[in-house]
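Keep the 3D view open as you read.

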Amino acid sequence: MPFFSIALARAAARRVLAGHPALDFAELAGTQGLEPGRPLRLLSPEQEVLGTGIADPENECVRIVAREELHALDVRFFRARVRAALALRSRLGLVEPEAAFRLLHGDGEGLPGLSVDLYGTFALV
């Protein structure tokens with residue numbers, strides 16, 4: 001799915017730069033008809049790339065997945081995020097054969113709206 005560019009008003013641009021995980025559709029122009037999961041390039045009023053988001057029309061927001069320009073939201077992107085999360089949990093001593101822990105915690109891993117809990121060999125998405 002190709003990226004769609006959205007120019008942000010100054011207030012929305014400040015929210016992205018401040019680290020907010022999402023922007024409400026109400027504060028954005030050009031969100032009519034965006035399908036769920038549409039990748040978005042978030043632009044400053046000066047047309048500089050501030051980050052990458054995905055459209056979430058059901059919740060009337062854009063979920064921010066990166067504070068940089070991404071060129072693809074593909075298997076490599078998701079694999080890198082999951083590996084980074086697993087490496088962190090491993091360093092914390094959480095990864096054991098019979099352990100139960102949250103592998104992915106949405107915004108914390110840059111995967112807003114996605115949580116994955118592991119219970120031994122079972123995963124709850």
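## Asp56 in its strand

In this predicted model, Asp56 sits in strand β4, which covers residues 49-56. Is Asp56 buried or exposed? With a relative accessible area of 14%, Asp56 counts as buried, because the cut-off for that label is under 20%.

So who does Asp56 meet? Its side chain makes a polar contact of 3.0 Å with the side chain of Asn59. Skip the neighbours within four places in sequence, and Asp56 is in contact with Phe25, Cys61 and Arg63.

## The largest pocket

Now look for the largest pocket, which holds about 160 Å³ of space. Its lining is made by Ile54, Arg63, Val65, Leu73, Phe77, Phe78, Leu111, Pro112, Gly113 and Leu114. Two elements, β5 (61-66) and α2 (75-91), each give two or more residues to that lining.

What kinds of residues are these? Eight are nonpolar, one is polar and one is charged.

In soluble globular proteins, nonpolar side chains tend to be buried together. Here, the largest nonpolar core has 15 residues, and Leu8, Val16, Leu23, Leu28, Leu40, Leu42 and Val62 touch the most other members. At least two core residues come from each of α1 (10-17), β3 (39-43), β4 and β5, and α1 gives the most, with three.

Leaving out neighbours within four places in sequence, Leu42 is in contact with residues including Ile6, Leu8, Val16, Val49, Val62 and Ile64. Apart from this core there is another one, of twelve residues, including Ala66, Ala99, Leu103 and Leu104.

Definitions and conventions: Residues are numbered from 1 along each chain as its sequence is written. This is a predicted model: local features need pLDDT of at least 70, side-chain atom pairs count only at pLDDT 80 or more; totals for chains, interfaces and linings use all residues. Side-chain values use heavy atoms; hydrogens and water are left out. Helices (H or I, at least four residues) and strands (E, at least two) are DSSP runs, numbered from the N terminus. Buried means under 20% relative accessible area, exposed over 50%, partly exposed in between (1.4 Å probe, protein chains only). A polar contact is a pair of N or O atoms within 3.5 Å; within protein, one must be able to donate a hydrogen and the other to accept it, and residues adjacent in sequence count only if both atoms are side-chain atoms. Contact means heavy atoms within 4.5 Å. On a 1 Å grid over the protein atoms alone, a cavity is a set of points where a 1.4 Å probe fits but cannot get out, and a pocket is an open set with protein on both sides within 12 Å along at least five of seven lines; lining residues have an atom within 4 Å of a point. Grid points are joined across faces, edges and corners, and a volume is the space filled by probe spheres set on the points. Ala, Val, Leu, Ile, Met, Phe, Trp, Tyr, Cys and Pro count as nonpolar, Asp, Glu, Lys and Arg as charged, and the others, Gly among them, as polar. A nonpolar core is a set of buried Ala, Val, Leu, Ile, Met, Phe, Trp, Tyr and Cys residues joined through side-chain atoms within 4.5 Å.
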